[in-house]
Amino acid sequence: MEETKINIIIADDNKEFCNILNDYLLTKNEIVVIGIAENGVEALKLIEEKKPDLVVLDIIMPILDGLGVLERLNAINLDPIPHVIVLSAVGQENITQRAISLGADYYIVKPFDMDVLAKRIRQIITDSDDLKKHLLMLIILKLKLMKVN
């Protein structure tokens with residue numbers, strides 16, 4: 001039985017990073033990069049055209065940032081809406097919470113381990129509902145703990 005490929009789009013304005021990530025993902029037989037976007041507008045166009053399973057999305061990009069991409073994904077009639085892993089050098093709690101509230105499945109702060117990213121891609125695709133519930137529960141728990149302190 002042939003393994004189903006996970007089609008992804010990378011959206012990041014750092015070309016060198018995109019090349020490194022693309023080269024790494026080429027070593028993973030089950031993951032296929034079907035497009036690379038350098039800004040949020042390009043990302044939305046690729047998402048609508050190619051309908052990926054998952055988008056690796058940077059928060060800080062020119063023209064339209066990652067949060068703007070998530071907002072527009074929620075506003076357009078796209079079926080299915082791709083899963084999203086947000087990558088960012090910005091680890092601020094309010095940005096993380098906003099990304100998750102807009103539908104991001106996972107948030108990774110740069111720099112990160114490429115093997116962990118590949119593992120998260122597989123987990124999100126194979127077990128997306130449970131992972132999302134788990135992440136939301138963690139965020140809610142963290143918010144409750146913050147209120148207690």
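K51 is found in the loop between α2 and β3, where helices (H or I, at least four residues) and strands (E, at least two) are DSSP runs numbered from the N terminus. The model is predicted, and local features need pLDDT of at least 70, side-chain atom pairs count only at pLDDT 80 or more, and totals for chains, interfaces and linings use all residues. Residues are numbered from 1 along each chain as its sequence is written, and side-chain values use heavy atoms, with hydrogens and water left out. K51 is not a glycine, yet has a positive phi of about 50°. With a relative accessible area of 42%, K51 is partly exposed; buried means under 20% relative accessible area, exposed over 50%, and partly exposed in between (1.4 Å probe, protein chains only). I63, in the loop between β3 and α3, is another residue other than glycine with a positive phi, here near 70°. I63 counts as exposed, at 69% relative accessibility. Most residues other than glycine have a negative phi, and most peptide bonds are trans. A cis peptide bond with omega of about 0° joins D79 and P80, and P80 lies in the loop between α3 and β4. The bond from K110 to P111 is also cis, with omega near -5°; P111 is in the loop between β5 (106–109) and α5 (114–126).

Helix α2 spans residues 40–50, and its residues G40, A43, L44, L46 and I47 are buried. Seen down the axis of α2, these buried residues fall within an arc of 165°, so they line one face of the helix; the arc is that of the directions from the helix axis to the C-beta atoms. K45 and E49, on the other side of α2, are exposed. The buried residues pack against β1 (6–11), β2 (31–37), β3 (54–58) and α3 (66–75), contact meaning heavy atoms within 4.5 Å. At the start of α2, a side-chain oxygen of N39 comes to within 2.9 Å of the backbone nitrogen of V41.

A nonpolar core is a set of buried Ala, Val, Leu, Ile, Met, Phe, Trp, Tyr and Cys residues joined through side-chain atoms within 4.5 Å. The largest such core has 27 residues, of which L57, V69, L70 and V86 touch the most other members. Two or more residues of this core come from each of β1, α2, β3, α3, β4 (83–88) and α4 (93–101). Another core, of 20 residues, lies apart from it and includes I8, I10, L21 and Y24.

Five salt bridges are counted, each a side-chain nitrogen of Lys or Arg within 4 Å of a carboxyl oxygen of Asp or Glu. One of them pairs D12 with K110, the closest N and O atoms being 2.7 Å apart. D12 lies in the loop between β1 and α1 (15–26) and K110 in the loop between β5 and α5, 98 residues apart. D12 is buried, with a relative accessible area of 2%, whereas K110 is partly exposed at 22%. E30 and R122 form a salt bridge at 2.2 Å, N to O, which links the loop between α1 and β2 to helix α5 across 92 residues. E30 counts as buried at 12% relative accessibility, and R122 is partly exposed at 30%. R98 and E71 meet at 3.0 Å, N to O, and join helix α4 to helix α3. Both are partly exposed, R98 at 36% and E71 at 38%. Salt bridges that share partners join D12, D58 and K110 into one network.

Terms used:
Polar contact = N/O pair within 3.5 Å; in protein donor to acceptor, adjacent residues only side chain to side chain.
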